[in-house]
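Open the model and keep both the sequence and the fold in view. The text below goes through one chain, then the other.

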Amino acid sequence: MCRGVVRLLVFTAVLGSPIFLLAQGASGGPEAATQARIAALEQAVKTAQASSASAQTAGDNAWMLTSAALVLLMTGPGLALFYGGLVRRKNILGTMMQSFAMMGLVTILWAVVGYSLAFGHGNAFIGGFEHVFLRGVSLAPDPDYAKTIPEQTYMVYQLMFAIITPALITGAFAERMKFSAMALFLSLWSLFVYCPMAHMVWGVGGMLNASGGHFPSLDFAGGTVVHITSGVSALITALYLGKRIGYPKTAMPPHSLVLSFIGACLLWVGWFGFNAGSALNSGPLATSAFINTHFAAAAAALGWTIAEWIHNGKPTALGAISGAVAGLVAITPASGFVQPMSALLIGLLAGFFCFLMVFQVKSRFGYDDSLDAFGVHGAGGTLGAILTGIFAVSAINAAFGTDAAGNPIGTGVLDGHWGQLVNQFAGVAMAWGISAIGTLVLLFAVDKAIGLRVSPEEENTGLDLSQHGEEGYDFNT
Amino acid sequence: MVKIEAVIQPSKLDAVKDALLEAGIEGMTILEARGHGRQKGHTEFYRGREYTVDLLPKVKIEMVVSEDRKEKAIQAISGAARTGRIGDGKIFITRIEEAIRIRNDERGETAL
């Protein structure tokens with residue numbers, strides 16, 4: 001509405017002056033006068049369009065920069081606190097440092113080569129090197145990705161996703177990995193697993209790209225790219241590294257659910273940037289994604305809480321916040337494609353499903369996925385990707401464009417497009433595959449090079465002292 | 001001189017302190033402790049796994065009193081700390097060899 005008013009004012013102001021000149025009696029007769037008016041009109045329209053575009057960019061860029069900040073908040077301190085509170089006191093700093101290290105390391109890798117590998121024009125699997133050192137990434141929009149914001153905004157927004165994805169994996173090897181090995185492993189993972197997957201789903205020419213990919217897969221904000229990859233990699237790492245000393249006999253309860261609670265709430269709020277920012281503009285699609293995100297989180301928190309209340313007799317705080325995170329994970333691929341009521345249902349299902357994964361599957365198989373990175377992100381992401389294929393409707397987002405008659409092409413099963421499930425499975429399979437294989441290879445390589453796990457003495461002393469020479473809390477002063 | 005060590009429920013600390021004050025006993029040291037006798041712990045849940053917390057929070061009161069005030073102190077503590085249920089706590093008495101006031105090097109019962 002504001003844009004319309006601005007347009008009208010500009011139009012009138014610009015149009016007014018030449019008419020005034022004409023009224024003062026310029027020579028040339030009626031024909032020339034008409035031509036002059038048409039010329040003035042064209043000029044006015046151009047100016048109005050330019051100012052309208054500038055207003056659009058202002059709104060979009062403001063939202064996108066805000067979203068980028070929100071996504072970074074999810075890592076630091078969101079994830080750092082969430083994970084930090086779940087480990088034993090002697091490992092709090094070590095755990096937080098793992099997330100913080102990603103903020104530093106991945107930023108540098110992304111700037112130097114990561115952005116180019118993910119979003120450069122390469123082939124169906126990986127980008128190229130045309131943007132190393134961010135060459136060619138300017139403040140003008142790149143129409144391939146986001147038409148109304150500077151490409152640097154897009155780059156820095158995507159960077160925040162690249163940061164949080166490896167940070168999520170740290171939950172699987174909590175309390176037992178060397179800081180040096182973690183830094184090396186996750187740096188390599190970011191380049192060899194994250195960048196290819198991001199390229200395949202979001203990069204130009206990517207085989208899973210919704211626009212023109214071989215298996216156009218609907219992944220709005222990174223259910224496959226972020227959550228399945230990190231979750232599956234987490235499982236592989238937990239299996240490779242082995243259990244913590246004393247697991248599962250020794251009780252290892254969270255040392256501060258207060259910190260975890262704060263972290264989880266920061267994740268919830270930050271996720272608005274993660275999902276609604278993936279609209280890449282500040283228009284109605286961002287609104288849809290925002291609402292879906294919130295609804296899914298709430299429904300999933302409820303779902304997990306109810307399941308736990310029935311199963312264990314008491315609804316725990318940890319269960320409630322884990323449920324919320326599970327819902328946020330599951331809605332991530334669906335957020336910009338589904339209707340709000342679908343988001344409620346997706347959240348509810350994710351709450352129940354991830355509860356089962358953590359309570360039944362983990363105990364049955366006995367792997368030590370310490371902070372449930374696989375149970376929540378891997379499983380939740382997989383479920384979300386499949387549900388996206390079911391609940392996506394072109395009415396919310398005509399992601400596949402329109403047909404010859406001008407009707408929007410159906411996106412998900414609710415639109416009658418059953419074939420989309422095949423594409424979603426393709427995306428899920430690729431995410432599982434590249435994560436499992438890539439992670440295994442990298443773990444092996446880093447293990448042989450410098451060793452992955454801390455010694456038993458170091459593990460008993462705790463990461464804070466053994467890796468960082470510090471203590472998280474000092475109760476003596 | 002005897003040392004009285006009493007392990008009591010944390011919720012009874014205020015009552016015991018008031019009772020001792022009323023009995024005319026002023027010096028004491030309070031320690032936060034964990035432990036149990038025959039009292040069972042409670043179960044907590046973490047990710048569906050039940051585990052027993054059996055190191056329960058306790059308060060330990062230590063004081064050194066003269067022999068003639070010993071019984072009064074014991075009655076004050078017991079009376080205030082007792083609920084009649086398992087977990088009320090215990091009192092132990094040991095003999096003390098010497099007591100010294102650091103401020104002025106007083107020794108013996110006058111140092112108490």
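At what angle do the axes of helix α8 and helix α10 of chain A cross? Keep in mind that this is a predicted model. Helix α8(A) covers residues 284–312, and helix α10(A) covers residues 340–365. Their axes cross at roughly 40°. They come within 7 Å of each other. Angles under 35 degrees count as roughly parallel, and 65 to 115 as roughly perpendicular. The pair α8(A) and α10(A) is therefore oblique.

What kinds of residue form this contact? The residues of the contact of α8(A) with α10(A) divide into 21 nonpolar, five polar and one charged. The crossing itself has a hand: α8(A) passes α10(A) in a right-handed way.

Helix α8(A) also packs against helix α9(A), residues 317–331. Here the angle is about 135°, and the axes are 7 Å apart. Angles over 145 degrees would count as roughly antiparallel. So α8(A) and α9(A) are oblique to each other as well. This crossing, of α8(A) past α9(A), is right-handed.

Now take chain A as a whole. How many helices and strands does chain A have? The count is 14 helices and zero strands.

Along the principal axes, the C-alpha atoms of chain A fill a box of roughly 100 × 50 × 45 Å.

The backbone of chain A has some details to check. Most residues other than glycine have a negative phi, and most peptide bonds are trans. Which peptide bonds are cis? One of them runs from A:Gly76 to A:Pro77, with omega near 0°. A:Pro77 has its place in helix α2(A), residues 29–86. Another cis peptide bond joins A:Tyr247 and A:Pro248, where omega is about 0°. A:Pro248 is found in a loop, between α6 (223–241) and α7 (257–276) of chain A.

A:Leu134 is a residue other than glycine, yet its phi is positive, near 60°. This leucine, A:Leu134, lies in the loop between α3 (92–119) and α4 (151–169) of chain A.

Turn to chain B. It has two helices and six strands. From the N terminus on, its elements run β-α-β-β-β-β-α-β. The radius of gyration of chain B is 17 Å, well over the 13 Å that the globule rule gives for 112 residues, so chain B is more spread out than a compact globule. The C-alpha trace of chain B spans about 60 × 25 × 20 Å along its principal axes.

In what order do the strands of the open sheet in chain B lie? The order is β2-β5-β1-β6, four strands with antiparallel pairing. The edge strands are β2 and β6 (89–95) of chain B, each of which pairs on one side only. On average, neighbouring strands of this sheet are turned by 20° against each other, direction ignored.

Walk across the sheet from β2(B). Strand β2(B), residues 29–35, pairs with β5(B) in the antiparallel sense over seven bridges. In this part, B:Arg34 stands opposite B:Pro57 of β5(B). Next come strands β5(B), residues 56–65, and β1(B), residues 2–8, which are antiparallel and share seven bridges. B:Ile4 has B:Met63 in β5(B) as its bridge partner. Then β1(B) meets β6(B), again antiparallel, and seven bridges join them. There B:Ile8 stands opposite B:Gly89 in β6(B).

Methods:
Residues numbered from 1 in each chain as written. Chains lettered and ligands numbered in written order. Predicted model: local features only at pLDDT ≥ 70, side-chain atom pairs only at ≥ 80, totals over all residues. Axes fitted to C-alpha atoms, helices over the stretch in contact; angles between N-to-C directions. Left-handed = near helix turned anticlockwise from the far one by under 90°. Nonpolar A, V, L, I, M, F, W, Y, C, P; charged D, E, K, R; others polar. Pairing = 2+ DSSP bridges. Rg over C-alpha atoms; globule rule 2.2 N^0.38 Å.
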